[in-house]
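Please read these points with the structure open beside you, and look up each residue as it comes up.

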Amino acid sequence: MISIATANIDKVNTKEELLQLLKDYKIILNNQVIDYLESLINLDFSVIRENIDNKSKKALSELEIYKRIAIYNIYNRTINLFTQSNMPLIITGNNEGFESLSISVPIEDRNIKIFDFKYSEQKSLNYKIPDEYKTMKIGSINLYQKIENKELRIQELKRIIEKIEMLYGAQNPYQYSPKKVGESYVKWKIERQKEIEKYQKMLDKIDSHNELTEIDIKEIEIMNKAHDLLLEDFGLTDNSFEDDISISSKQSKNNLKKILVKRQPNITITNNIEYI
């Protein structure tokens, strides 16, 4: 029986469904491409791997069959990869009513996210798009990494302290008028106090974390083990990722977080790094 939560989602195709769909493409695709697609369906290797050149991948990514095979390959190879790792897993995906795959590892009272893949055909609310429209975007993958770095922690402490000092020393640009309720002078003071409290909480959090706990150490080990497994499976290294200007411009100047990106035709792989 299909639950209400999963009835209307676009589930990942089964192996049998994809092999049947592929038959219709055999008249337009050569044997080499068919063999490649069948290998992806058989989960022989990850679709992220550069087993074919980028030009061929770009051409294939225009086909609906390739998109569905790629989603199937990423979804199922990742589940198999972590199932074989013997980690305690929390897997959230199609069975829970989501057009995505999210994998976490429980540690004490924490759930540590190690992988996230979204393939949903979400349509923008800002544009009127026909219901039959289908994007060729395969989806977006998020990887997670945690690294101990005392030097960066000191830099972040210094930055926050300087920010708090600047806020305390800032002069109110508005004139006080007791006749006006809720006027700019008072609003500025309230907003400044909120900013001070925000940065003070950040300072307290970092300042109280001088030494790693046993849970911190275990979390770092698990996240980095998962990260290394995924990179090996994808055929990538840390050097495969680079800064993305569009993302960096939106980021805060937090020295303890870094976001790097690897782009392939119709798929983005983001490496989320947190320093502790």
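1. At a relative accessibility of 18%, R68 counts as buried, where buried means under 20% relative accessible area, exposed over 50%, and partly exposed in between, using a 1.4 Å probe and protein chains only. The side chains of D10 and R68 meet in a salt bridge with 3.4 Å from N to O, a salt bridge being a side-chain nitrogen of Lys or Arg within 4 Å of a carboxyl oxygen of Asp or Glu. Since D10 lies in the loop between α1 (4-7) and α2 (15-23) while R68 lies in helix α5 (residues 64-83), the pair ties together parts that are 58 residues apart in sequence. Helices here are DSSP runs of H or I with at least four residues, and strands are runs of E with at least two, numbered from the N terminus.

2. A word on the basis: this is a predicted model, in which local features need pLDDT of at least 70 and side-chain atom pairs count only at pLDDT 80 or more, whereas totals for chains, interfaces and linings use all residues. Residues are numbered from 1 along each chain as its sequence is written, and side-chain values use heavy atoms, with hydrogens and water left out.

3. The structure holds 13 salt bridges, and another of them joins R110 to D216, with the closest N and O atoms 3.4 Å apart. R110 belongs to strand β3 (residues 110-118) and D216 to helix α8 (residues 214-234), so this pair ties together parts that are 106 residues apart in sequence. R110 is partly exposed at 27% relative accessibility, whereas D216 is buried at 3%. Both residues also belong to a network of salt bridges that links R110, K146, D216, E219 and E274.

4. How far apart are N and O in the salt bridge between K118 and D116? The distance is 2.6 Å. Here K118 is partly exposed, with a relative accessible area of 45%, while D116 is buried at 4%.

5. Turning to the surface, Y176, V186 and I190 form a nonpolar patch with about 280 Å² of accessible area together. Patches are made of residues with over 30% relative accessible area and no salt bridge, like charges being joined within 9 Å and nonpolar side chains (Val, Leu, Ile, Met, Phe, Trp, Tyr) within 5 Å; accessible areas come from the Shrake-Rupley method with a 1.4 Å probe, and for residues only the protein chains shown count as cover. I190 is found in helix α7 (residues 184-207) and is partly exposed, at 43% relative accessibility.
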